Amino acid sequence: MKVHEFQAKELFRKYNIPVPNGKAITDATQARAVVKELGLPCVVKAQIHAGGRGKGRFKEDPELGGVKLARTEDEVENLARRMLGKTLVTVQSGEAGKVVNKVLIEQGLDIARELYLGMVVDRERSSIVIMASTAGGMEIEKVAAEMPEKILKEWVDPGVGLMPYQVNKLAYGLGLKGDEVKNARGLITGLYNMFMKEDASLAEINPLVVTKDNKVLALDAKLTFDDNADFRHKEHEALRDLTEEEPLEVEAAKYGFNYVKVHDGNVGCMVNGAGLAMATMDIIKFYGGAPANFLDVGGAADSKVVENAFKILVGDPDVKVVLINIFGGIVKCDLVAKGIVEGLQKIGKIDLPIVVRLRGTNAEEGLRILKDSPLTFKLASEFGEVAKMAVDLAKKGGA
C-alpha cells in the first residue's frame with residue numbers, strides 16, 4: 001500500500017527523521033493560515049501516488065507543474081486553487097493522470113545540495129538494500145542506467161540489523177562532513193528503524209537535502225507498506241486513499257481475490273493459482289495478445305466465486321474476451337464447470353466470448369457439463385490452443 005508524501009512525513013517525524021515543517025490542505029482558503037504558521041517562502045506540492053510531480057503538468061493548466069515555489073501569500077493560495085481538483089499527469093501516472101485532492105504546503109529551505117537515499121527489500125539476498133547517491137533530484141532508474149558509479153549500496157541482514165560502520169560508509173560516501181555526517185547518521189538510522197518496524201517494502205527520499213547551515217532533511221518522502229504485513233498494522237488502514245487506487249482492484253479485494261489490472265490489455269483472465277495465472281499472461285503475450293488482468297481465484301471456483309470474478313472482469317471496459325484457465329487438482333474440474341455455469345446464469349447475459357480450458361481431475365466431465373449447458377463456451381484442452389483462440393477473438397473485437 002502506498003501513502004501520500006504528507007502521510008509518510010508524519011511517520012518520519014515519529015522516527016526522528018528530519019523533514020520540513022508543513023501541512024496538507026484540501027481547500028485553497030486554508031492556505032493563508034498555513035503560511036502564517038510556516039512563514040515565507042513556501043513550496044506547494046500536489047499530493048498523488050505518482051512520482052515525477054515537479055516535471056508533471058496539469059491537463060487543465062499545462063503551464064503548471066505539481067511542485068511550485070511561492071514567495072507571497074497570494075501565490076500560495078493561487079497555486080493551491082489551481083492544483084486542487086485538477087488532473088496531474090506525470091511519467092508515472094500514465095496518460096490518464098491523477099486528480100489532486102490535497103496539496104502539501106511546506107516551508108522553503110536554503111538548499112546547498114541534493115542527494116538520494118532509498119531502501120527496498122532485496123529478495124535475492126534476503127536482506128534490505130540501502131541505496132544512496134550524490135545525484136539527488138534525478139530518477140534513480142536514470143542514474144543507474146547512465147551513472148551507475150554514483151550509486152552506493154549497503155546490504156543489511158535483518159537478523160543482525162544496520163551496523164554503525166554501514167551508516168558511516170553511506171554518510172561519507174555521500175561526501176558529507178562534520179555536522180552533516182552526524183545529522184545523516186541519525187536520519188539513516190531512523191529510516192531503517194521505520195522501514196523494519198512499519199513493515200515497509202520501499203522507502204525513498206529524493207531529494208535528501210543538505211541546507212547551507214549543515215542540516216540534513218528529507219525534502220520528499222515516498223513510502224510503500226508490505227500488504228502481507230497488514231495484520232500487524234491495523235493503523236495503516238487509516239492512511240489508505242482509495243481514490244488513488246484502481247477501482248477494480250479495490251472491488252476485487254472485497255471478494256478476497258488476488259487481482260491486478262493491466263492497462264492496455266483486452267483478454268480478461270480467470271485462473272486458479274498464481275503460477276498458472278502468470279503463465280497464462282505470458283502465453284497470451286506469446287501469441288501476440290495483451291492480458292487485461294491478473295486474477296487468481298484461488299483453490300475454490302464455486303458459483304459464487306465465478307459470479308464475483310465475472311463482475312470484476314466485465315466491469316473492465318477494455319476486456320473483449322474472457323479466458324478461463326483451470327487446473328483441477330484439489331478442486332475437481334466438474335465442480336468448477338458447475339460453478340461456472342451456475343455463476344454465469346446468476347449474472348445474466350454477458351456479451352463477451354468465453355474461452356475455457358479445463359485440465360486435471362475430472363476434466364472430461366467438466367467439459368461435458370459446459371457443452372451441455374444452455375450457455376455458449378469456446379472450449380480447448382491445450383494451453384497454447386486456448387491462448388491463441390482468446391487472442392484471435394480479442395483482435396476481432398470479441399466477435
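Helices (H or I, at least four residues) and strands (E, at least two) are DSSP runs, numbered from the N terminus. With that convention in place, I shall present the structure shown above.

This is a predicted model, in which local features need pLDDT of at least 70 and side-chain atom pairs count only at pLDDT 80 or more, while totals for chains, interfaces and linings use all residues. Residues are numbered from 1 along each chain as its sequence is written, and side-chain values use heavy atoms, with hydrogens and water left out.

Let me start with the backbone. Most residues other than glycine have a negative phi, and most peptide bonds are trans. Where does Pro41 lie? Its place is in the loop between helix H2 (31–38) and strand E2, and a cis peptide bond, with omega about 0 degrees, joins Leu40 to Pro41. The bond from Asn206 to Pro207 is also cis, with omega near 15 degrees, and Pro207 belongs to strand E11.

For Ser126, phi is near 50 degrees; Ser126 sits in the loop between E8 and strand E9 (127–133). Ser126 is exposed, with a relative accessible area of 58%; here exposed means over 50%, buried under 20%, and partly exposed in between, using a 1.4 Å probe and protein chains only. For Asn214, phi is about 70 degrees, and this residue is found in the loop between E11 and strand E12 (216–218). Asn214 is partly exposed, at 32%.

I turn now to the pockets. A pocket is an open set of points on a 1 Å grid over the protein atoms alone, where a 1.4 Å probe fits and protein lies on both sides within 12 Å along at least five of seven lines; lining residues have an atom within 4 Å of a point. The largest pocket holds about 1,400 Å³ of space, a volume being the space filled by probe spheres set on the points. It is lined by 39 residues, and those nearest its centre are Arg240, Glu244, Glu245, Glu246 and Glu249. The second largest pocket holds about 1,000 Å³. Of its 39 lining residues, the closest to the centre are Arg53, Gly54, Asn206, Pro207 and Asp220.

Next, the aromatic rings. How many aromatic pairs does the structure hold? There are 2, where rings of Phe, Tyr and Trp (its six-membered ring) pair if their centres lie within 6.5 Å, and planes under 30 degrees apart count as stacked, over 60 as edge-to-face and the rest as tilted. The ring centres of Tyr255 and Phe257 are 5.9 Å apart and the planes are at 50 degrees, so this pair is tilted. Tyr255 is partly exposed, at 29%, whereas Phe257 is buried, at 9%. For Phe286 and Tyr287, the centres are 5.2 Å apart and the planes stand at 90 degrees, so that pair is edge-to-face. Phe286 is exposed, at 67%, and Tyr287 is partly exposed, at 31%.

Finally, there are charges over rings. A charge sits over a ring if NZ of Lys or CZ of Arg is within 6 Å of the ring centre and within 35 degrees of the ring normal. The charged end of Arg125 sits over the ring of Trp155, 3.8 Å from its centre. Arg357 lies over the face of Phe383, 4.9 Å from the ring centre.
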